[in-house]
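Please read the points below alongside the model.

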There are 2 protein chains.
Amino acid sequence: MLTDTISEKAKERILSPEMLDLVMSAEEAASMIKSGMTLCTSGFGTGYPKAIPTSLATTKHATDLTLINGAARGEMHLGALATSGVLKKFSGFLYNENARNVVNAGDMQFADYHLGQLSTKIKNGVYGEIDYAIVECCKIKEDGSLVPTLSAGISESIVKYAERILIELNLNVPAEVDGFHDFGVDPYTIIQSPSDRLGVPYIKIDPSKVAGIVITDIPDTDLFYPDIAPIYNQIAGNVVLMLDKEIEQGRIPEQFTFQSGMGVVANCVMLGLMNKGYKGLKMYTEVLSDQALYAIKEGIIEEATTTALDITPLFFDDVFNNLEFYKKHLVLRPVDLTNGVAQIVANELVSMNTAWEADIYGNVNSSHAMGTQMINGLGGSNDFSRNSKISVFTTPSTAKRGLISCIVPMVPHVDSTEHDVDIIATEWGYADLRGKSPKERATAIIENCAHPDYRQQLRDYFDGAVALCGPCQTPHDLSKALSWHQKYLETGSMQQD
Amino acid sequence: MLTDTISEKAKERILSPEMLDLVMSAEEAASMIKSGMTLCTSGFGTGYPKAIPTSLATTKHATDLTLINGAARGEMHLGALATSGVLKKFSGFLYNENARNVVNAGDMQFADYHLGQLSTKIKNGVYGEIDYAIVECCKIKEDGSLVPTLSAGISESIVKYAERILIELNLNVPAEVDGFHDFGVDPYTIIQSPSDRLGVPYIKIDPSKVAGIVITDIPDTDLFYPDIAPIYNQIAGNVVLMLDKEIEQGRIPEQFTFQSGMGVVANCVMLGLMNKGYKGLKMYTEVLSDQALYAIKEGIIEEATTTALDITPLFFDDVFNNLEFYKKHLVLRPVDLTNGVAQIVANELVSMNTAWEADIYGNVNSSHAMGTQMINGLGGSNDFSRNSKISVFTTPSTAKRGLISCIVPMVPHVDSTEHDVDIIATEWGYADLRGKSPKERATAIIENCAHPDYRQQLRDYFDGAVALCGPCQTPHDLSKALSWHQKYLETGSMQQD
């Protein structure tokens, strides 16, 4: 592309003269990608490349691609690529309904890893050579350094380990985002305080690896939160009760540091904390939602670390209009650091994540429906549950209008083991599993978390298991342990006749 | 006890004059412990208190006790206490046959946690107040500081968090062990090199907390290694083949750093490395065996970190006779550091641990027979598998003369999830699971690891699961997933008719 066809607005954001010569169309950029290649893309919630993936999905000239991505939800990215059939394999957080359907149809292999380890796996050669990193940014500095849009994710790692780099410069995100991020920090560095800035606000790259730059002007518009059903407020209320008690008993400070997963319960907990008058909390988290931004504005959260703003269009405007305010309270870091085991341990987090289901001994399934169908992937849930000071999982006690119990005898897929789950909360209450043996946990979970309609059924299972194999460490009747799921598959209900 | 009844040999090791007044009999010390109290003891493999636990087990004056201990195997410790019936609950690594039987009979609750987190759980109040720490040492310094015997474990934490301290001064271990340990190091410190010493070789205590000192002269004599069956050398051979390939392909350096769990396979791997001419390796591990000591002497291992010498009587003499040599190459650290997630990640370990069984999707059971009966506890296996650069699990492909397949459709208990297992090795070969989807893993595990007698049976299960629920993320037939275990329970064999 001739330099004089580049808009003035774009030129203002490409401060490296050599880089101007690399501006090209999305189609030109996409055409460099050949069948069988391995691609890594930026984006976590938001901030994923949009034009090149859309072109790849449209032309389908390159097939059998492997894609590694942090947690980009985008339809113009993972969704389009997966449904077009050009992807052989995906690794990262699967957070897109169309892509999920492709996985469950067996048309795309999915290697699901802890998000905090994704960069390390790339570095360690788990995916072999990375042909292209494709990253979205809002500004290119004099030396070619990149200012990403509103996520950090694995971007810093992928430009380092990829052979070549393709850039999407998205004019839809203001260049003044510059200053929001913190890169160039050794992954073993302990972040003493969530808003500490220890590195530089841009990603250094080797400019000779840049193969093309595509100018875009596309908003991130994928996220809409569902309406809040009363049950979620009840679950959140129980979590807040637990937090109150921990503070009262001196096990966590009044200004504790917490992580909160995606989803509606997380937002309700935030509301619950507001209503209880909590102030000056710290957040050290993987993704940050609308409600958390609001909590920062209100002083409920004093400072926060996240790898991604996973927010709705309304809040994009709020961020863009209040950039300097948010930069003071909020730092966007690589997911290696937000989900880094050392940082999670050192910050003594209270972590709150969503369980798909939990069993009576405290094992949690975060990813598989009926043990077989992928829902969303593991994400960072076990980064936090495995390493936090207090690891909380929330779930409604039932699903499908009561036909499924989310407290079951045995989960058919385990993402966080019994050793990593401290608290389970449902709308009925919470079970504190800390220091308990499996048998003690069973009582706590059945009596505090299970739906009353399922409690006797669970007690019967537990008693039957003890009768069968004795009061051993973890009583189970293996002929019935998965029978609740089997019954649901056969009859559409877990309820006993 | 009057000071003049203390032997000269003991007096030479109690350099604090005030402490001399606290010397008493084991019975006197034990009598301070009352029913319902919570005790923490030193010891990891070796180095556990012996006289006070024996007295507690004999008099049974105090019951309903809770015991927290790193990983002491001793019959004069956990074994005696558990069988005497005075323990209500135990937490730590369960590594004693008698104690295991008490747990599986339902007579003692067992809360099984990652060993790397045990100190943090004590600090966080998971076990409530700690009434007494009972620690074995070989020397008491002028200011009351303790030089432990041949383990470090959780000793530094328990003297810090317990209300009172009881000391067993064991004259059977030479005072010249002084200088072997490294304490006083912040738990987030990255150990750059396994033999680095960053702290002090003794445990600082608050002398006013010491309630009594008991003089003992009792050797650690519990450990005997079983004879090495040829199958273990075959498994180890496959692990070494894998390591050769990793080095050849540049994914690990020639002088890689490794962790090796307890047991016979670990020893065989060490032998295999010797026979292949490996030199100058680094070990960063939880426990160190006879064979590893031999490897240090031979230069195969240049330097090592461990929290415990878990060695046989023969090698105790070797250590005592060559203390200065071993101090140069080997450091004993708290288990918080040997098993610390930050240190494991930073040292880019190859970890090798024993699986009880693995399933076709790569989930590993380390702790439960048939999903119900406790075997040995989780130990540190998941500290390492979750955080190592390459996480290896080894198991013979079958047990009970072929009647049990150690590769099964679904493990009935998960200690390391599919996300944490990179390599599974049996006597038939190894499966490299890195970057693979569950379906790809199934093929790799069945064809490389399963016993040939069970391969068709496993293929049939997998094919049947795909036929039933489609080629989804993790195909399972829930009506048959645990049927192999159920069949074994009913007929004594997993083999199909």
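1. Buried area here is the accessible area (1.4 Å probe) that two parts lose on being put together, summed over both. On that basis chain A and chain B bury about 5700 Å² between them, 51% of it on carbon and sulfur atoms. In chain A, the residues that lose the most area to chain B are A:R386, A:H419 and A:L478, together 14% of what that side buries.

2. On conventions: this is a predicted model, where local features need pLDDT of at least 70, side-chain atom pairs count only at pLDDT 80 or more, and totals for chains, interfaces and linings use all residues. Residues are numbered from 1 along each chain as its sequence is written, chains are lettered from A and ligands numbered from 1 in the order in which they are written, and side-chain values use heavy atoms, with hydrogens and water left out.

3. With contact taken as heavy atoms within 4.5 Å, 69 residues from chain A and 69 residues from chain B take part. The copies meet through the same surface, because 100% of the interface residues of chain A are also interface residues in chain B.

4. A rotation of 180° with 0.0 Å of shift along its axis superposes chain A on chain B, with RMSD 0.0 Å (least squares on the C-alpha atoms of residues with pLDDT of at least 70 in both). That is the relation of a two-fold axis. Of the residues of chain A, A:A342 comes closest to this axis, its C-alpha lying at 2.4 Å.

5. A salt bridge is a side-chain nitrogen of Lys or Arg within 4 Å of a carboxyl oxygen of Asp or Glu. The interface of chain A and chain B has 6 salt bridges. A:R386, named above for its lost area, forms a salt bridge with B:D383, the closest N and O atoms being 3.0 Å apart.

6. Within chain A, domain 1 covers 3-216 and domain 2 covers 230-491; these bounds come from an automatic or database domain assignment. Their centres, taken over C-alpha atoms, are separated by 30 Å. Each domain puts 48 residues into the contact.

7. Domain 1 of chain A and domain 2 of chain A bury about 3900 Å² between them, 60% of it on carbon and sulfur atoms. A:L150, A:F180 and A:P194 supply 19% of the area that domain 1 buries against domain 2, more than any other three residues. The count of salt bridges between these domains is 1. A:R333 and A:D182 form a salt bridge, with closest N and O atoms 3.0 Å apart.
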